[in-house]
Amino acid sequence: MKSNRPLILISNDDGYHSPGIKKLVDIVSPLADVLVVAPESARSGYSCAFSATDYLRLKPRHNMGDTRVWSCTGTPVDCVKIAIDQFCKERKPDLILGGINHGDNSSVNNHYSGTMGIAKEGCLKGIPSIAFSSCFYNEDANLEPLRPYVEQIVSKVLAEGLPNGVCLNVNFPATETFKGVKVCRMTRGSWINEIVKEHHPRGYDYFWVVGEYRNDEPQAEDSDQWALNHGYVAITPTTIDVTAYDFMDTVRGWDIK
């Protein structure tokens, strides 16, 4: 595929058929050539998981006009890996996008999110990468108000790139108008009441992973959750290097032989 335009690879964790990914393709198609490789069904919560013990299958889809779309039986990270290997050997993507996710990926959700897994995988491969999420969980929600923000962020990153080892986590509040944009740190939060135990009529117990999110610092105005709760678009630059540099000297002081 020869073109003077940039190439954007798009995936998600809601499936190739989701309204969010269709909206993202619609928004960025005027800016670049677009390739979509996304899971064949929902893969929420898969984070950076990949398929180490099962094979993958690809199937061409035709649900986004002239855009090349493939579904993959694997995880969001599998989609990035197989897209680069099978479709991008002669033309490396200039940008990788995850989303638009139907649901909040701020705070600790960053660690669980398949949408962020896409951005992190792209970042690991040295490709500028962004994850876009809407706090509207309803797939019928109106995502059109996100357009100017996605356009501006994508255009900026296409023009200037991102630092090595840094990707962007962009979350939109569950509103149709926004007060503006805030660049934020990740909120310290946690999931509680995560397991529901049930008893099956055939005599065994089974469990559902559920839970509710608890914001552990609701008044922290520099955090992504505060921004979202007050109507702002939250942009959180995210690093791949998870080393706790400030603690390294302490560990060295343990003098373990």
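**Briefing: sheet and helix packing in a predicted model**

In strand 4, Ser 71 is the bridge partner of Ala 38. The model is predicted, and its chain contains seven helices and 13 strands. The radius of gyration is 19 Å, close to the 18 Å given by the globule rule for 257 residues, so the chain is as compact as a globular protein of that length. The C-alpha trace spans about 55 × 50 × 50 Å along its principal axes.

- Nine strands form an open sheet with mixed pairing, in the order 3-4-2-1-5-6-7-13-8.
- The edges are held by strand 3 (58-61) and strand 8 (180-183); each has a single partner strand, so one side of each lacks a neighbour in the sheet.
- Direction ignored, neighbouring strands of this sheet are turned against each other by 20 degrees on average.

**Strand pairing**

- Strands of a sheet pair through backbone hydrogen bonds, in either a parallel or an antiparallel manner.
- Strand 2 and strand 4 run parallel and are joined by five bridges.
- Strand 3 and strand 4 run antiparallel, with four bridges between them; Pro 60 stands opposite Trp 70 of strand 4.
- The hairpin of strand 3 and strand 4 has six residues between the strands, and in this hairpin Gly 65 adopts a positive phi near 65 degrees.
- Lys 182 has Ala 234 of strand 13 as its bridge partner.

**Helices on the sheet**

- Helix 1 (residues 19-28) packs on the sheet and touches strand 1 (7-11), strand 2 (33-39), strand 5 (95-102) and strand 6 (129-134). The direction of helix 1 makes about 135 degrees with that of strand 5.
- Helix 2 also packs on the sheet, where it touches strand 1, strand 2, strand 3, strand 4 (68-72) and strand 5. The direction of helix 2 makes about 135 degrees with that of strand 2.

**Contact of helix 2 with helix 4**

- Helix 2 (residues 76-87) packs against helix 4 (residues 114-124) at an angle of about 30 degrees, and their axes lie 8 Å apart. This angle makes the two helices roughly parallel, because angles under 35 degrees count as such.
- The crossing of helix 2 with helix 4 is right-handed.
- Helix 2 contributes Pro 76, Val 77, Val 80 and Lys 81 to the contact, while helix 4 contributes Gly 114, Gly 117, Ile 118 and Glu 121.
- By class, the residues of this contact divide into four nonpolar, two polar and two charged.

Methods: Residues are numbered from 1 along each chain as its sequence is written. This is a predicted model: local features need pLDDT of at least 70, side-chain atom pairs count only at pLDDT 80 or more; totals for chains, interfaces and linings use all residues. Side-chain values use heavy atoms; hydrogens and water are left out. Axes are lines fitted to C-alpha atoms, for helices over the stretch in contact, and angles run from 0 to 180 degrees between N-to-C directions. Angles under 35 degrees count as roughly parallel, over 145 as roughly antiparallel, 65 to 115 as roughly perpendicular and the rest as oblique. A crossing is left-handed if the near helix is turned anticlockwise from the far one by less than a right angle, and right-handed if clockwise. Contact means heavy atoms within 4.5 Å. Ala, Val, Leu, Ile, Met, Phe, Trp, Tyr, Cys and Pro count as nonpolar, Asp, Glu, Lys and Arg as charged, and the others, Gly among them, as polar. Two strands pair if DSSP finds at least two bridges between them. The radius of gyration is taken over C-alpha atoms; the globule rule is 2.2 Å times the number of residues to the power 0.38.
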